[in-house]
Amino acid sequence: MSSTELPETRTAVAPPGSRNRTVRVADGEELRSVALPGLTLTVRARPGNRPGLAPALYVHGLGGSSQNWSTLMPLLADHVDAEAVDLPGFGDSPPPDDGNYSVTGHARAVIRLLDAGGRGPVHLIGNSLGGSVATRVAAVRPDLVRTLTLISPALPELRAQRNAWPTALLALPGVASLFSRLTRDWTPEQRVRSVMALCYGDPGRVTDEGVQHAVEEMERRLELPYFWDAMARSSRGIVDAYTLGGQHGLWRQAERVLAPTLLVYGGRDQLVSFRMARKAAVAFRGSRLLTLPDAGHVAMMEYPETVAQAVRELIEDNEEAGTDDSGGS
């Protein structure tokens, strides 16, 4: 067992009938539940505009959900047949039976989903925690990944951003419950605007409708009995992954990635330092780098058209390379 696997008791599962708020599904999207041994995942699908398109899988960050990709997915529907997963304990996915919220645990969930559906290799796209999960998947299962896109990936930093410290503190025993008590009088809108101020380069770019959707989702999540537990354990998983060395270290695994890789970093990111962009560009061999000076931590939500164009070019170049290889064989 690696140090990223947490041998702890099972997390609380929502009692029957407690999930009385429905999850928002945008036009053109479909939700389905995938039951795996010890694990149930909710998957948000955005079918491609025509049959035969290559599959893609989107992986959200800490505290996020598959809804984080609802703006980007339709912009790429002419190139991929897309699915976005709710990681265990997030979105509409219940906690894993074994309570494992480590980066390795999340990566295994993604691998099991891809293996069960037979959709690999996919264009794998991850943000923040989802970026570290996607890195691990691409390193250990290269057969499942066509291309890799990482948006502000949570990779180890020697000097973490000051605003990222609360994530590390949340990993400490008891801190999540303490924070829950201290913020119990916060309204869902206050919580949402606090998160947006942290994650967006310019929170003013969020429409009133976008804020309302986020508030409704926050209200739903706060009713889940495992909300804080999932946050705390996943935060602990990130911290553990940051301290893991050797061949299981995330930077070492980045060097093992074979898939063509796109890296996206925001100049106003308060959680993942912009200075890590160059290090990542060296670690992921032959990668391409997109820097957005005004973007924050969720560039795919702030600048979806720009991110979509970069992903589209990555996919097109990969398809052309595949055609050249097959033509020369």
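This is a short tour of one predicted protein model, from its overall make-up down to single residues.

**The big picture**

Let's start with the chain as a whole. It holds 11 helices and 8 strands. Of its 329 residues, 54% count as buried. If you take the contacts between residues at least 6 apart in sequence, 77% of them join residues at least 24 apart.

Which residues meet here? On the helix 1 side you'll find Val 103, Thr 104, His 106, Ala 107, Val 110 and Ile 111. They meet Leu 129, Ser 132, Val 133, Arg 136, Val 137 and Val 140 in helix 2.

Helix 1 also carries Arg 112. With a relative accessible area of 31%, Arg 112 is partly exposed. Setting aside neighbours within four places in sequence, Arg 112 is in contact with Leu 36, Pro 37 and Leu 39. Arg 112 and Leu 36 are 76 residues apart in sequence, yet their C-alpha atoms are 7.9 Å apart in space.

**A helix with two sides**

Now jump to helix 9 (residues 276–283), where Met 276, Ala 277, Ala 280 and Ala 283 are buried. Look down the axis of helix 9 and its buried residues fall within an arc of 125°, so they line one face of the helix. What do those buried residues pack against? They pack against helix 8 (250–256), strand 7 (261–266) and strand 8 (288–292). Over on the other side of helix 9, Arg 278 and Val 282 are exposed.

**Rings and a charge**

Search the whole structure for aromatic pairs and you get 2. One of them brings together Tyr 58 and Trp 69, with 5.1 Å from centre to centre and 45° between the planes, and this pair is tilted. Tyr 58 sits in strand 3 (residues 54–59) and Trp 69 in the loop between strand 3 and strand 4 (80–85), so the pair ties together parts that are 11 residues apart in sequence. Both Tyr 58 and Trp 69 are buried.

Then there are Phe 227 and Trp 228: their ring centres are 5.1 Å apart and their planes lie at 80°, so this pair is edge-to-face. Phe 227 and Trp 228 are both buried too.

Arg 205 lies over the face of Tyr 303, at 4.2 Å from the ring centre.

**Tucked-away residues**

Is Ser 66 buried or exposed? Ser 66 is buried, with a relative accessible area of 0%. Not counting residues up to four places away in sequence, Ser 66 touches Arg 44, His 60, Ala 84, Val 85 and Asp 86.

Met 300, in helix 10 (residues 299–302), counts as buried at 0% relative accessibility. Again leaving out residues up to four places away in sequence, Met 300 touches Asn 68, Trp 69, Leu 72, Asn 127, Ile 151 and Val 307. That list includes Trp 69, a member of the tilted pair. The C-alpha atoms of Met 300 and Thr 71 are separated by 7.6 Å, although these residues are 229 apart along the chain.

| Residue | Phi | Where | Relative accessible area |
|---|---|---|---|
| Ser 128 | about 55° | loop between strand 5 and helix 2 | 11% |
| Ser 152 | about 50° | loop between strand 6 (145–151) and helix 3 (165–170) | 1% |

Ser 128 has a positive phi although it is not a glycine, and the phi of Ser 152 is positive as well. Ser 128 is buried, and Ser 152 also counts as buried.

There's a peptide bond to check as well. The one from Gly 120 to Pro 121 is cis, with omega near 0°. Pro 121 lies in the loop between helix 1 and strand 5 (122–127).

Methods:
Residues are numbered from 1 along each chain as its sequence is written. This is a predicted model: local features need pLDDT of at least 70, side-chain atom pairs count only at pLDDT 80 or more; totals for chains, interfaces and linings use all residues. Side-chain values use heavy atoms; hydrogens and water are left out. Rings of Phe, Tyr and Trp (its six-membered ring) pair if their centres lie within 6.5 Å; planes under 30 degrees apart count as stacked, over 60 as edge-to-face and the rest as tilted. Helices (H or I, at least four residues) and strands (E, at least two) are DSSP runs, numbered from the N terminus. Buried means under 20% relative accessible area, exposed over 50%, partly exposed in between (1.4 Å probe, protein chains only). A charge sits over a ring if NZ of Lys or CZ of Arg is within 6 Å of the ring centre and within 35 degrees of the ring normal. The arc is that of the directions from the helix axis to the C-beta atoms. Contact means heavy atoms within 4.5 Å.
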